[in-house]
Each structure stands twice: as structure tokens, then as C-alpha cells.
Amino acid sequence: MFSDESRFNLQSDSRLTLIWRAPGTRHHQDDTIERHRYGGAGWFVWGGIILGSIIDLHVQSVTMTGHIYRGVILEQHVHLFRGAMSAAFLFMDDNA
């Protein structure tokens, strides 16, 4: 079984630095203010493949923690397939 996950942010991160300054002045460090207006809301998506079949995507809007990963992904998806397979079951998560 192979699996991977991704996080999709709902807001853009253009990684551009915008500088507002008075006309005719140069770019001084004192005139630069760094702001991050992205991040926040997003979706976590997890999926996998096993024996040529795909596993239904798991989508959630909360931050993925170790407890959620163990309780949701491992318990509800991976262990289910492990119980149906032989002792040769191999789980590869995120190319690890």
C-alpha cells in the first residue's frame, strides 16, 4: 500500500514583496514592512493505492496532528487493509 498527502491553502501565497514608498526615494530597509496575509484556511487531502486499486480520498479542514493521523488515517484506512492482507503487507507512506 502506497499513500501520500497534500495540504491545499485557500488563500494565495504569491511570495511577492510589495514596497510602498514616497516617489523619488530609494528602497531603504526602514521603509519595508513584511506581512503575511495568507495561510489560515486550507484542506488536508490523503489518498493511497493498493493492488492496482485506489483508496477513497480522505479530506479534512482541520490541521493534521499525530493524534488525528493515527486515529483517522491509520485506524480507519491502513489497518483495515492490513487485516485483509497476508503477513506480506507493506505500508509505504509519503515515499518513506
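Leaving aside neighbours within four places in sequence, D93 is in contact with S3, D4, E5, W46 and Y69. The model is a predicted one, and within it D93 belongs to strand β4, which spans residues 92–93.

**D93: burial and polar contacts**

- D93 is buried and yet has no salt bridge, the nearest side chain of opposite charge being that of R70, 13 Å away.
- Two polar contacts of the D93 side chain can be described: one, of 2.7 Å, is made with the side chain of S3, and another, also of 2.7 Å, joins D93 to the side chain of Y69.

**D94: the segment after the strand**

- D94 lies in the segment after β4, and not counting residues up to four places away in sequence, D94 touches S3, D4 and E5.
- Although D94 and E5 are 89 residues apart along the chain, their C-alpha atoms are separated by 7.1 Å.
- D94 counts as partly exposed because its relative accessible area is 40%, which falls between the limits of 20% for buried and 50% for exposed.

**The nonpolar surface patch**

- F8, L10, W43, L57 and V59 make a nonpolar surface patch of about 520 Å².
- One of these residues, V59, lies in strand β3, which covers residues 53–60.
- V59 is classed as partly exposed because its relative accessible area is 46%, and patch residues must have over 30%.

How values were computed: Residues numbered from 1 in each chain as written. Predicted model: local features only at pLDDT ≥ 70, side-chain atom pairs only at ≥ 80, totals over all residues. Heavy atoms only, no water. Patch = residues over 30% accessible without salt bridge, like charges linked within 9 Å, V, L, I, M, F, W, Y side chains within 5 Å. Areas by Shrake-Rupley, 256 points an atom, 1.4 Å probe, with all protein chains shown as cover. Salt bridge = Lys/Arg side-chain N within 4 Å of Asp/Glu carboxyl O. Helix = DSSP H or I, 4+ residues; strand = E, 2+ residues; numbered from the N terminus. Buried < 20%, exposed > 50% of the residue type's maximum accessible area, 1.4 Å probe, protein only. Lys, Arg positive; Asp, Glu negative; His and termini not counted. Polar contact = N/O pair within 3.5 Å; in protein donor to acceptor, adjacent residues only side chain to side chain. Contact = heavy atoms within 4.5 Å.
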